[in-house]
Amino acid sequence: MDFQLTQDQREIQALAREVAQAEIEPHVAEWDSEHRFPRELYPKLAQLGLMGVCIPEEYGGAGADFLSYVLVLEELSRADAGVGVTVAVHTSAVTLPILTFGTDEQRSRFVPPLARGEAMGAFALTEAEAGSDAGALRTRADQDGDGWRISGAKQFISTAEHAGTFLLFARTDQETPGAAGISSFILDADHVRVTGREEKLGLNSSVTNSIVVEDALVARDRLLHDENQGFRVAMATLDAGRIGIAAQALGIAQAAYDAARSYALERRQFGKRIAEFQAIQWKLADMATEIDAARLLVYRAAWLKENGEPHGEAGAKAKLFASETAQRQTAEAIQIFGGYGFTKEFPVERYFRDAKVTEIYEGTSEIQRLVIARSILGLTERSFAVS
Ligand SMILES: Cc1cc2nc3c(=O)[nH]c(=O)nc-3n(C[C@H](O)[C@H](O)[C@H](O)COP(=O)(O)OP(=O)(O)OC[C@H]3O[C@@H](n4cnc5c(N)ncnc54)[C@H](O)[C@@H]3O)c2cc1C
């Protein structure tokens, strides 16, 4: 067992840290308060290879491994979780599944523009009546000549208003209810109309849209993987995607801990630094321990994925633990800051708001527990929940 990062992994981690400090941290409070999607940031990330970290060089990516990608997400999210989710959805929910399930033609046509950051990706699974129960989705794709005509409405779609490429899930078999009759399609922005943008508790530098697809006629070559196999694509995508969301949660928790530790060493009450009070020391000790444990789970899951090992259970455990750690630790960070923690003067209230959603998207904590329980109990049914 080797707990050391490789030289390449350390370099890409340092690169992500540098760009986060230079290009994200100075602006993040403003993006948050103005609810602004920093469109101008993504070409800069792309130039450094960070929009396609784990995509092979022949497809326009940086050719690094999945753990490197996770390290990048952790560092970006440490600076701004909104940037973290935008890169995560783009990479592991759109680019990777096209690379994994696409034909040679689909790979060479759609992956390079995504990996080079020329197009941004959006993953369109969730609908008003199909959240955890993604298999209940109603967007339909009906055969029309040699292609499909697609109609439906999706909600909570990250980055949709900036996306050039959509991975969209629709029902191709109208007779079969549930997960079995679903297929996945690669759509362009032209096929999609953005109908709304959510006002959110946090993650304000990301955008979350509702969209409709109205009688969009797409050719056969837009079907990703086999007909009626879309749910498999969604499940495999989310198995990997959750490791990215776990890394996002880890980055938020780390940022909260860093801020709380520094503050505790500076703030004086009763003639002492508050770090000298055992109550504060224990909080920091618990934070450091839980963050360490979360990091080990996240990196292990990434290592399993990189090595072609089953990683569904490990990814679900990593996401469950890292997201709940982030939620707890960001609250503790506010507590360590006292009244100042409740104000916008310090970033810990933003970390607290941003952490919450990591327990919800790409499968809620309840759904992660279901995934883990079914895995450890040897139950294989996967018709539930997941986006
Ligand atoms: C900011 C943001 C960004 C998002 N981005 C995307 C995106 O890019 N693409 C996309 O497709 N989706 C996206 N989503 C949607 C997200 O994945 C869903 O919100 C999530 O899967 C939960 O679905 P739901 O909101 O419908 O909640 P529900 O499924 O209605 O769940 C409500 C509650 O019931 C619980 N519950 C449901 N079923 C069970 C069960 N079987 N057992 C126990 N408890 C259960 C849930 O855990 C939860 O507590 C995003 C959501 C948000 C908030």
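User: Where is Leu 203 found?
Analyst: Residues are numbered from 1 along each chain as its sequence is written. Helices (H or I, at least four residues) and strands (E, at least two) are DSSP runs, numbered from the N terminus. On that basis, Leu 203 is found in the loop between β6 and β7 (208–218).

User: Does Leu 203 count as buried or exposed?
Analyst: A residue is buried if 20 or more other C-beta atoms, placed from the backbone, lie within 10 Å of its own, exposed if 12 or fewer, and partly exposed in between. Because Leu 203 has 28 C-beta neighbours inside 10 Å, it counts as buried.

User: What value does phi of Asp 215 come near?
Analyst: Asp 215 lies in strand β7 and counts as exposed, because it has 10 C-beta neighbours inside 10 Å. Leu 203 has a positive phi near 55 degrees. In Asp 215, also a residue other than glycine, phi is positive and near 55 degrees.

User: Which residues does Thr 195 touch, not counting residues up to four places away in sequence?
Analyst: Thr 195 has its place in strand β6 (residues 193–197) and counts as partly exposed, because it has 13 C-beta neighbours inside 10 Å. Two residues are in contact if their C-beta atoms, placed from the backbone, lie within 7 Å. By that test, and leaving out residues up to four places away in sequence, Thr 195 touches Ser 210, Ile 211 and Val 212.

User: What covers the buried residues of α10?
Analyst: Helix α10 (residues 348–356) is mostly covered, with seven of its nine residues buried. They are Val 348, Glu 349, Arg 350, Tyr 351, Phe 352, Asp 354 and Ala 355. The elements that cover these residues include α2 (28–34), α5 (81–101), α7 (230–266) and α9 (312–337).

User: Which residues does Val 371 touch, not counting residues up to four places away in sequence?
Analyst: Val 371 has its place in helix α11 and counts as buried, because it has 25 C-beta neighbours inside 10 Å. Its C-alpha atom is separated by 35 Å from that of Ile 336, which is 35 residues apart along the chain. Leaving out residues up to four places away in sequence, Val 371 touches Gly 312, Glu 313, Ala 316 and Gly 363.

User: How many residues does the contact take from domain 2 and from domain 3?
Analyst: The assignment, which comes from an automatic or database source, gives domain 1 (7–119), domain 2 (122–227) and domain 3 (232–376). The centres of domain 2 and domain 3, taken over C-alpha atoms, are separated by 30 Å. The contact takes 10 residues from domain 2 and, from domain 3, nine residues.

User: Which residues come nearest to the ligand?
Analyst: A residue is near a molecule or strand if its C-beta atom, placed from the backbone, lies within 6 Å of it. Domain 2 and domain 3 each give at least three residues to the shell around the ligand, and β1 (121–124), β3 (147–158) and α11 (365–376) each supply at least two. Of the 24 residues around the ligand, those that come nearest are Gly 131, Ser 132, Ser 158, Thr 364 and Glu 366.

User: What percentage of the residues in the protein chain is buried?
Analyst: The protein chain contains 11 helices and 10 strands. Its C-alpha atoms fill a box of roughly 80 × 45 × 40 Å along the principal axes. Of the 387 residues in the protein chain, the buried ones make up 53%.

User: Over which residues does pLDDT stay under 50?
Analyst: The protein chain has a mean pLDDT of 96, and 98% of its residues reach 70 or more. Where pLDDT is low, the predicted coordinates should not be read in detail. The stretch where pLDDT stays under 50 is residues 383–387.

Key
This is a predicted model: local features need pLDDT of at least 70, side-chain atom pairs count only at pLDDT 80 or more; totals for chains, interfaces and linings use all residues. pLDDT is the predictor's confidence in each residue, from 0 to 100.
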